[in-house]
2 protein chains.
Amino acid sequence: MSNAEMQNADIPNAAPTIIDTGPAPIFAALGDRTRLSLLTKLGDGRPRSIADLSLDAEITRQAVTKHLQVLEQAGLVTSARVGRESQFTFRRESLDSLMDYLDRVSRQWDDALERLRAFVEK
Amino acid sequence: MSNAEMQNADIPNAAPTIIDTGPAPIFAALGDRTRLSLLTKLGDGRPRSIADLSLDAEITRQAVTKHLQVLEQAGLVTSARVGRESQFTFRRESLDSLMDYLDRVSRQWDDALERLRAFVEK
DNA sequence: CATATCGGCAACCTACTGGTTGCCGATTAA
DNA sequence: TTAATCGGCAACCAGTAGGTTGCCGATATG
């Protein structure tokens, strides 16, 4: 018998590990140092223009713009045009849903391990 | 006076928004549906071989291997060679550090908003 | 032993990402 | 009105990411 078959023994799997892959884009948006650092600058809650955010960014304004678009599409920031500038604001709620997700995942993992333990001790 | 200058008024900024950009690679590793779904399969806590994980994966075993390497490098899974197969296991602790990070960020945001509010009411 | 399975290695392809430069219309400041 | 600033649009480029195929050594199975 192979190792794999041995592991597929009759361990109960009540709640069958359904984790939504939906949040991938949000994780992807956070998976870039430049974007994380942009979020950092927005972390004080005040809206910032693109030019402002580009000031000490060592990359071009256009690059910053692209990153902001990614962040906005992922729902991590919002933008509003005010006069000739576009002001970006951090969306706090987006983090909440992300934390919910991680909570769900780790809770599910705990449950699975608990079931596994119960099975072994039976 | 420009909008930007107007916003840069004397709002206190005590803890100056230092968010580490270090976790970017972990977010990046999570920022892919295929990898999230691999993690899902590992979510029951049992080690799985590459072949096993490739079974209903609709992509090649080699592709799965690459994804697993990404996940391992990000610290989300560990691997151990057992006989002729490589067994991968979900690392639960990695989620904890990620949740810590998100907690820090959102707490920092709350603090900043609190400071802002106090300033306005003064 | 012969055969099948597991998985590492390498080459290759395509598409996307992060970044650049150049231009130009709109808004604001002098 | 003239000049400066803000930022959108487009083209372009190099590098990486996701995926494939082919091969081959190592380990199990019969």
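**Ground rules.** I am working from a predicted model, in which local features need pLDDT of at least 70 and side-chain atom pairs count only at pLDDT 80 or more, while totals for chains, interfaces and linings use all residues. Residues are numbered from 1 along each chain as its sequence is written, chains are lettered from A and ligands numbered from 1 in the order in which they are written, and side-chain values use heavy atoms, with hydrogens and water left out.

**Entry 1, DNA strand D.** I looked up the residues near the strand (one heavy atom within 4 Å of it) and found 23 around it, of which A:Ser86, B:Thr60, B:Lys66, B:His67 and B:Gly83 come nearest.

The surface near DNA strand D has ten polar, eight charged and five nonpolar residues.

For secondary structure I used DSSP runs numbered from the N terminus, with helices (H or I) of at least four residues and strands (E) of at least two. Elements that each supply at least two residues of this surface include helix H4 (50-54) and strand S3 (85-90) of chain A, and helix H3 (33-42) of chain B. The largest share, four residues, comes from H5(B).

For B:Asp32, a polar side-chain atom lies 3.3 Å from a phosphate oxygen of DNA strand D.

Taking contact as heavy atoms within 4.5 Å, I have 46 residues of chain B in contact with 46 residues of chain A. The two chains bury about 4300 Å² between them, 60% of it on carbon and sulfur atoms; this is the accessible area (1.4 Å probe) lost on putting the two parts together, summed over both.

Which residue forms a salt bridge with A:Asp110? With the rule of a Lys or Arg side-chain nitrogen within 4 Å of an Asp or Glu carboxyl oxygen, I find two salt bridges across the interface, and the partner of A:Asp110 is B:Arg92, the closest N and O atoms being 2.5 Å apart.

Terms used:
A polar contact is a pair of N or O atoms within 3.5 Å; within protein, one must be able to donate a hydrogen and the other to accept it, and residues adjacent in sequence count only if both atoms are side-chain atoms. Ala, Val, Leu, Ile, Met, Phe, Trp, Tyr, Cys and Pro count as nonpolar, Asp, Glu, Lys and Arg as charged, and the others, Gly among them, as polar.
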